[in-house]
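Biologist: I have the model open and would like to walk through a few parts of it with you. Could we begin with the strands?

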Amino acid sequence: MKNMPNTFKKDVIVGLSAKEKYLSSKYFYDDEGSRIFKEIMEMAEYYLSDCEYEILATQADKIFESLAFDQPFNIIELGAGDGAKTFKLLEFLLSKGVNFDYIPIDISQEAMNMLSQQLQKNLPSLKIKPAVGDYFEVLGQLKKTNKHQSLLLFLGGNIGNYPKEEAFRLMDLFNQSMKAGDKLLMGIDLQKNPQVIYQAYSDPHGITKRFNLNLLKRMNRELGANFNLNEFDFYCYYNPRNGELLSYLVSLSDQEVRLANTDFSFHFAKDELIWTEQSKKYSFKEIDMLAKHSGFEVSHRFMDSKRYFTDSLFVK
Ligand code: AVJ
């Protein structure tokens, strides 16, 4: 099911009524937020995208070998977005004459249309079967109707946004949607020099601040809230002991914010926080635990030359 606007409203009310205010990072990605995220990916400090691109561009052959799949098979990408990262992998497979279907899944019809057009133009021999909707509905349907082996792609390090219990639940759901022998290639950001991690999020260009403030803008746009964006700042910190990068908005004054057409208003004390995101960095041990907990085993870890990021292969 698509996230309805009233789900957004409910989540906002629950989050901003909590003793420690929070909003879910999944609401970052409206059209404007998605554009700002692209700007983040282009920042030199935001190493994640470059690392993953390097892995997929230079190790496509090894990734393919590690699958040991019969042909034809499926490549199912969850949250494909603009598919920029995946392009190199697809291109490699086509150049080798590998027989597979590419099934990108995304909640946004517009994103899927654009991706399909792009790929048809640049990889005309690609068999692309885009699906719009909820990951698990589409996966459930495929599991029932499609006999071929599947490689699931969950790239970009998105797993880091899920707090521990939610990450376990998500992995369980992946496992249940997969047939025996299916595999999952997941992008995971690794623990490393804390300075490198901190620089990627506390960016000096102010793009990440704009990304966070867009949540307030979105509430103004969609829920008729009256946030004054000048009265909030962005703050983040990294805890190298547990790998958690936490992001917040900070109220710069004592202020009251209303939601139009409701009785709800929220008070922000000066310096009060809204927690907006967790971007968890994993150790190898934690990745193995995540796998084991949800019935997977990690069979291969692909890494960039700096060893900052991994695309790890989870087998059921
Ligand atoms: C898209 C979830 C991988 O957590 O690194 C970038 C989003 N937040 N800068 C991340 C994000 C702040 C990003 N993910």
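Biologist: Which residue in β8 does Phe 232 stand opposite?

Modeller: Phe 232 stands opposite Ser 251 in β8. Please keep in mind that this is a predicted model, in which local features need pLDDT of at least 70 and side-chain atom pairs count only at pLDDT 80 or more, while totals for chains, interfaces and linings use all residues. Residues are numbered from 1 along each chain as its sequence is written.

Biologist: How many bridges join β7 to β8?

Modeller: There are 8 bridges between β7 and β8 (residues 244–251), and the two run antiparallel. Strands here are DSSP runs of E with at least two residues, helices are runs of H or I with at least four, both numbered from the N terminus, and two strands pair if DSSP finds at least two bridges between them.

Biologist: What is the strand order in that sheet?

Modeller: The sheet is open, with 3 strands in the order β7-β8-β11 and antiparallel pairing. β7 (232–239) and β11 (273–280) each have a single partner strand, so they stand at the edges with one side left without a neighbour in the sheet. Neighbouring strands are turned by 20° against each other on average, direction ignored.

Biologist: Which helices lie across it?

Modeller: Helix α9 (residues 194–201) lies across β7, β8 and β11 at about 160° to β7, and helix α10 (residues 207–223) lies across these strands at about 120° to β7. The axes are lines fitted to C-alpha atoms, for helices over the stretch in contact, and angles run from 0 to 180 degrees between N-to-C directions; contact requires C-beta atoms, placed from the backbone, within 7 Å.

Biologist: Back to β11: is Ile 274 buried or exposed?

Modeller: Ile 274, which lies in strand β11, counts as buried because it has 22 C-beta neighbours inside 10 Å; the cut-offs are 20 or more other C-beta atoms within 10 Å for buried, 12 or fewer for exposed, and partly exposed in between, with C-beta atoms placed from the backbone.

Biologist: And what does Ile 274 touch?

Modeller: Leaving out residues up to four places away in sequence, Ile 274 touches Lys 21, Tyr 22, Leu 23, Tyr 248 and Leu 249.

Biologist: Changing topic, what about the hairpin of β9 and β10?

Modeller: β9 (residues 255–258) and β10 (residues 265–268) pair in the antiparallel sense over 4 bridges, with Arg 258 opposite Ser 265 in β10. The hairpin has 6 residues between the strands, and Asn 261 in the turn has a positive phi of about 60°.

Notes. Contact = placed C-beta atoms within 7 Å.
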